[in-house]
Amino acid sequence: MRRLFALTAVIVAVLALAVTGNAQHVSGDYIETRSADVWTGPCVANGEVNLAGDQAILAWRVRQGEWNGVALDGLSVVGVVKAAATLGDQYNDPYPAKSVLIVDQKASAAQQKALVEMAQSMAGELLKNVVRVEVAPIEMQVSNDGGHYDKTLLRAGDIAGIETRMIGKKDHLCGNEEVYYQPLVTMNHAMPAVAELDQYQGPSLGVRWTVHGKRSAFVGSFSR
């Protein structure tokens, strides 16, 4: 009986180590842009629904952590999405959506695979149908002072780019603006922002865009 207990204890310990070895705990910075205003009033939102908002860029920078036992500290991944309808509109189905993933050039093959898995897990259906995975140098800068995000910048090679700034008084157009659409992924802390630049110039989604000065961004932090 004692041998049985001892064997059981060893098996439990081995299983615990296996679970710990596959732990998924990451945290870092997140930027998102959409092709429709996310901080707006009904006057603008109603004019954009079904005409805009079917494109998005999602960018993660891991400050620390690992995914399935692979360390991802300091690495980034970007997802670019072309959906079938306005993302966030409760009356139209945006799926299936096509997407392109851009993984950090600094990452090893194992890290690139883990970055793809992390992004797909966090974005769910948005990144389910990946038509292409690109490898590119990714620069992501986030200026954060006590939870207030002044400016952010993303450069993913010559494929995608984002620049954001805080919303100011001059960004009120109809006077009753609010967060009309929620972020596309779960965030610890999120703030709407103005996308001074929202750009995708890749060949794989059947559409390219360069947009300036739209109230279409979220910035903040994530953890999983």
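Mentor: A salt bridge is a side-chain nitrogen of Lys or Arg within 4 Å of a carboxyl oxygen of Asp or Glu. D37, E48, E177, K214 and R215 are linked in a network of such bridges. This is a predicted model, in which local features need pLDDT of at least 70 and side-chain atom pairs count only at pLDDT 80 or more, while totals for chains, interfaces and linings use all residues. Residues are numbered from 1 along each chain as its sequence is written, and side-chain values use heavy atoms, with hydrogens and water left out.

By the rule above, there are 14 salt bridges. One of them joins E32 to R34, with the closest N and O atoms 2.6 Å apart. For burial, the cut-offs are relative accessible areas: buried is under 20%, exposed is over 50%, and partly exposed is in between (1.4 Å probe, protein chains only). E32 is buried at 0%, and R34 is buried at 2%. Another bridge runs between K106 and D104, where the closest N and O atoms are 3.2 Å apart. Here K106 is exposed at 57%, whereas D104 is buried at 1%. E163 and R155 form a further bridge, at 2.6 Å between the closest N and O atoms. E163 is partly exposed at 27%, and R155 is partly exposed at 30%.

Now the aromatic pairs. Rings of Phe, Tyr and Trp (its six-membered ring) pair if their centres lie within 6.5 Å; planes under 30 degrees apart count as stacked, over 60 as edge-to-face and the rest as tilted. The count is three aromatic pairs. Among them, Y180 and Y181 are edge-to-face, 5.1 Å centre to centre with 80 degrees between the planes.
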